[in-house]
Every structure is written in C-alpha cells, then in structure tokens.
Amino acid sequence: MLRWVSLVLLLLSGAINAGYSQRVVITGVESVRRSYAEQEQFSYARGDSVVHLNFRNNNLIIGFRSPEAGTLYRYSVKGILPRFIITRDTFLVLPNLPNGELLAEIYDAEHSYIKPARLKIIVESPLWLRWWFLPMMFVYGMIFVGAGLYLLYRYRIRQFLRLQQTRDRIARDLHDDMGSYLSSISILSQSAQRSVTKDPAKAQATLDRIGQTARQVMDSMGDIVWSINPNHDSMTQVIARMTDVASALFATGNDNSEQVSWQVDISDEVRQIRLSAENRRDFFLIYKEAITNAAKYAQASRVSVRLRCEGSFLCLEVNDNGRGFDPQHPVLLNPSGGNGLRNMQNRAALLNGTLAIRSEPGQGTILTIRFPV
C-alpha cells in the first residue's frame, strides 16, 4: 500500500515539475499591414493578455516558445477555427481577422493538462459597422430633413409675404393715385358738362385738364406695371427708364419755354447692381419726383443727374441751377411740393436710406439719396 502511495506522489511531483518546465510562453505579437510588405511591431510586453487591432491592419503573427526544443504545440482561435491545430512551428499566422473579440489558446500538445498561453485579440470595427452608427445616422438624417423642411417653409413664407406686400403696395398705389386721378376726372367731366352751353371756353379748359389728368393716370399705370415686371430687375433697364423719363420732361423746356440742358452721369459699377421690385419702384419714384420738380417748378436751365456706388450704398444726386426754395417751407413756392417731399422721405425710409436736400432761394437745389444695395 505504501508503495502505491509513493508512486502516486512521485507521478504528481513529476507532473508539477514538468508543468513548470513545459509551459508555453508568448514571445511577441506583430501585425502585417495589408497595404505594405512591412511589419508593424506592437508595444507588446510579455505577460500582456490583450491586443487591439485596427480593422485596416487585421493580419496578426503570434510568436511563442517552450523551454524544450521540438515541442509539439496545439492551438485554437475561438471564433474562426472550429478545432485544434497541431504544429511544431513557433509562430501562428492569423490573416484577415474578423471584427470583434477572439481568443487564441496555445497548448503544449504533449502535456495538455498544463495551463495554456492565452491572448485576447480585439479587432475594432469601422464606424459604419458599430451598433450606434445606424441610429446616429437616422437621427442626423431626421435633423437634416427637418432643417431642410424648415428652411423650405421659411422660404415659402418669405415668398408669400413678399407677394402679399407687392399686392398690398399695388392696391395702395391704385387706391391713392388712380383713385384721386379718376375722382378728379369725374368731377372735371361734370363741370365740363355744365359749362358746355353756358361757357364753352371754360368747358374747353376743363377738357384740357381732363386730358392732362388722363395722361397722368397712364404714366402712373405705366410706372406700376414697369416696377413689377421681373424683366426690369437689372440696373441697365432702370437707367434706360430714367433716361426716357428725363428726355420726355426736358424735351419741351420749362414753364418759361427755355431749353433745359440736362446730363446723366452713371458709373460703370452701378450697372452690375440688381434691385428688387420694391426697391426699384421706390428708387425710381424718388428720381422721377426729383426731376419732375426740377422741370416744372425750379425754372432751371441746367439739370444734372449723377448715379454712383459708395461702398455698399447706391447714391443718386440730382442737381439744378433753378430758383431754389426753403426746404422747411416748400409749399411757399410749390403748392404740391410739400406732399412730394414727404413722399420722397417716406420712400427713402422704405429703402433704409437717407434723403438730403440742400437748397436756398435763388441758389438752386441738390437732392441726394443713399441706400444700401
């Protein structure tokens, strides 16, 4: 009996001594880049149990050894190798490792009861294969679509408001200008009808006023139609319209039947500007009011118009050598001048610009408007 116990103890002692002497040790870990023929050495220290790989460099070489030469090894890689492989080589090549976690175990095949050398391999997945990528892309997509729909909604609202403002302005202009003109024509026609038999000369004068008012109606309607036509957005069209109006006003001279010398000076950079329909109309009506006053009331022999850019501002200057007036009391020389100046001031405010008038009786008039473009 004692002999059998001694034999068992001897075997156990030999197994323990053999386990320590036959233990497999991982000596190094290297990765081979897919795009290069060179190897990339990991900062691997003996005893490390985890190696991290990038999904682009997922080729791995594991080196190991045993104290005895010619040892037979048995290894497995859980996740890619379905069974153990036996070899006498002291290295293990693992190409094209899949994403995720793998566990490599290397045994001494002749002493399989000894604890193997283990190495945990973690191959990092690309961003588009991680669990949070699709939810994040969905959230970003919803934010992008929502932002696009919101911007489209804002754009549609702005377009609607601009259209509504244009409609309101046309309705207001038709009510204010056309309404007053048509009321005058109606009153004058009734007066002419009463004077046809009693006072033919008065009736003729009334008919002349009706004709003049009708021409004013046509001019105002022409201005409204021209201002809302998108084909006239360019400054080339605006300048052509300004020249036509000036030619029509100064062709017949002033109230004293004197020929008026007029000049228009346009800088080249002005022709590159584009104005919206609202700004174009307000700018043109200020210009038209200014040269109309110069032609009808200033008794000037020379009128000059200068249009230029000053940084981000458009500047219009109308200068005449007429009789001038007191800007604080314009009604003294022109019964309708007060309303005309107020209209120009209001339109300059709509342009977010400034209107300046320098004039003295007998010294001529300089009107300047500046507004951003």
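**View 1. Leu102 faces its bridge partner Ile121, a residue of strand 9.** The model is a predicted one, in which local features require pLDDT of at least 70 and side-chain atom pairs count only at pLDDT 80 or more, while totals for chains, interfaces and linings use all residues. Residues are numbered from 1 along each chain as its sequence is written, and side-chain values rest on heavy atoms, with hydrogens and water left out. Strand 8 (residues 100–108) and strand 9 (residues 117–123) pair in the antiparallel sense over 7 bridges. Strands (E, at least two residues) and helices (H or I, at least four) are DSSP runs numbered from the N terminus, and two strands pair if DSSP finds at least two bridges between them.

**View 2. An open sheet of 5 strands has the order 3-9-8-5-6, with mixed pairing.** Its edges are strand 3 (50–53) and strand 6 (85–87), each of which pairs on one side only. Neighbouring strands of this sheet are turned by 25° against each other on average, direction ignored; axes are lines fitted to C-alpha atoms, for helices over the stretch in contact, and angles run from 0 to 180 degrees between N-to-C directions.

**View 3. Strand 5 (residues 73–78) is largely enclosed by the rest of the structure, because 5 of its 6 residues are buried.** Buried denotes under 20% relative accessible area, exposed over 50%, and partly exposed the range in between (1.4 Å probe, protein chains only). Strand 5 pairs with strand 8 in the antiparallel sense over 6 bridges, and Ser76 has Glu105 of strand 8 as its bridge partner. Strand 5 also pairs with strand 6, again antiparallel, over 3 bridges; here Tyr75 stands opposite Ile85 of strand 6. The hairpin formed by strand 5 and strand 6 has 6 residues between the two strands, and Gly79 in the turn has a positive phi of about 120°.

View 4. Strand 12 (residues 313–320) and strand 14 (residues 365–372) run antiparallel and are joined by 8 bridges, with Val318 opposite Leu367 of strand 14.

**View 5. The structure contains 0 disulfides.** A disulfide is counted when a pair of cysteine sulfur atoms lies within 2.5 Å. The sulfur of Cys309 is 9.5 Å from the closest cysteine sulfur, that of Cys315, which is too far for a bond. Cys309 is partly exposed, with a relative accessible area of 21%, whereas Cys315 is buried, at 1%.

**View 6. Asn279 belongs to helix 5 (residues 277–296).** This residue, Asn279, is partly exposed, with a relative accessible area of 25%. The C-alpha atoms of Asn279 and Ala348 are separated by 9.5 Å, although the two residues are 69 residues apart along the chain.
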